[in-house]
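Subject: Structure handover

Hello,

Here is the structure I promised to pass on. Please keep it open while you read my notes.

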Amino acid sequence: MNLTENPTCIGTGLVALDVVVTGKLMNDGQFLAGGSCGNVLTILSYLGWTSYPIARLSNNVATELLLEDMARWNIRDDLISVSDSGSTPVIIHRIITDKLGTPRHRFEFKNPENGKYLPAYKPALAKEASQTFATKPHTDVFYFDRMNRGAIDLAKLYKANNASIFFEPSSMKDLKAFDECIHLSDVVKFSDERISDFDLMYPTAVAGLEIMTMGKSGLKYRLKGESFWKEVLGYKVDNVVDAAGAGDWCTAAIINTLFRNKKLIESTKEEIEYSLRFGQALSALNCTFEGARGLMYYLRRSDLLVYIQHFVDSNATKIGQKKSADPVKKASSQISISSLFKKTN
């Protein structure tokens, strides 16, 4: 893999502040950039891409913490707006251990101080799509994980300008919008738990590559015009610590291997399957660390790629934790979790 190139990904969707807490008490925690879009673009930057998230954030301390973590990974903020009319979603990631000693991950969306819902996602405005595109008209990949008019209009603009479109829906509630997104996309990736009746709506593949993830069972895929799915088994994990973010690592790895200096149509089926195995290996490895992007803070990119490539090339079925001798360290913030929530709602 040629790491001297620096391809670009622009994305819109859920960009949030993750508050990672271990145990039942709200004591010390980690403040990290998160959300599907936030994670995918941050991982891509770690893998050597130039990443531009499109987001409407609020003028508050949560945004400061989110942008502080993004800056550590050289995320470009040219397309991020910060204003009183924006919103910075805050998601509590609580890691607990059950009676059998098995780690469990729980998402919480309410302020523990007062029980009110924490700020929610606000989409990019459709009326600003043309101006956003004009600000940064060229990208190798356009990624989006939410169905709204602003995201769809941006996807159309970037597709017309020769970008590859990657759509990662969390639901199929708006069937008309979903169908529009599917027909726009080069790659569609979704979870069988969230979208279980995809086959009923689309008996043959519409997008260039359709990927259905199945948790521990791995994933299956099919190419445009195909009605059958081919399974790609996942990896067993020696010591699961936290399964959050697994799908985001898989997505970023697929983008990195399939779209680094080429188009989907230029890839062979063997190259596509390699990218899927690479994605699943990265996904499995991150489960051995705490946080949706935990491995980034303990494993340098060069070490990571050599380690993962070994597993993929050797057709291994199980993966274990690895750390660099000189790991990246998380930034420590002086703000407490309690004061964050007081300043967020």
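First, the basis. This is a predicted model, in which local features need pLDDT of at least 70 and side-chain atom pairs count only at pLDDT 80 or more, while totals for chains, interfaces and linings use all residues. Residues are numbered from 1 along each chain as its sequence is written, and side-chain values use heavy atoms, with hydrogens and water left out.

**The sheet**

Helices (H or I, at least four residues) and strands (E, at least two) are DSSP runs, numbered from the N terminus. Two strands pair if DSSP finds at least two bridges between them. An open sheet is built from 9 strands, in the order β5-β4-β1-β8-β9-β10-β11-β12-β13. Its pairing is mixed. β5 (80-83) and β13 are the edge strands, each with a single partner, so one side of each has no neighbour in the sheet. On average, neighbouring strands are turned by 20° against each other, direction ignored. For such angles, axes are lines fitted to C-alpha atoms (for helices, over the stretch in contact), and the values run from 0 to 180 degrees between N-to-C directions.

Contact here means heavy atoms within 4.5 Å. Helix α4 (residues 149-160) lies across β1 (8-12), β4 (50-58), β8 (141-144) and β9 (164-167). α4 runs at about 165° to β8. Helix α8 lies across β11 (209-213), β12 and β13, at about 155° to β12.

**Salt bridges**

A salt bridge is a side-chain nitrogen of Lys or Arg within 4 Å of a carboxyl oxygen of Asp or Glu. The count is 15.

D69 and R293 form one of them, with the closest N and O atoms 2.6 Å apart. D69 is in helix α2 (residues 61-72) and R293 is in the loop between α8 (269-286) and α9 (301-313), so the pair ties together parts 224 residues apart in sequence. Buried means under 20% relative accessible area, exposed over 50%, and partly exposed in between (1.4 Å probe, protein chains only). D69 is buried at 4%. R293 is buried at 3%.

Two further pairs involve α8. K269 bridges to E226, with the closest N and O atoms 3.5 Å apart. K269 lies in α8 and E226 in the loop between β12 (219-223) and β13 (230-232), so parts 43 residues apart in sequence are tied together. K269 is partly exposed at 33%, whereas E226 is buried at 16%.

K230 meets E273 at 2.7 Å, N to O. This pair links strand β13, which holds K230, to helix α8, which holds E273. K230 is partly exposed at 39%; E273 is buried at 15%.

There is also a salt-bridge network, made up of R149, D153, K156 and E180.

**A buried lysine**

Where does K189 sit? K189 is in strand β10 (residues 187-191). K189 is buried, with a relative accessible area of 2%.

A polar contact is a pair of N or O atoms within 3.5 Å; within protein, one must be able to donate a hydrogen and the other to accept it, and residues adjacent in sequence count only if both atoms are side-chain atoms. The side chains of K189 and E168 make one at 2.7 Å. A polar atom of the K189 side chain also lies 3.1 Å from the backbone oxygen of G247. Leaving aside neighbours within four places in sequence, the contacts of K189 include F166, P169, I211, C250 and I254.

Best wishes
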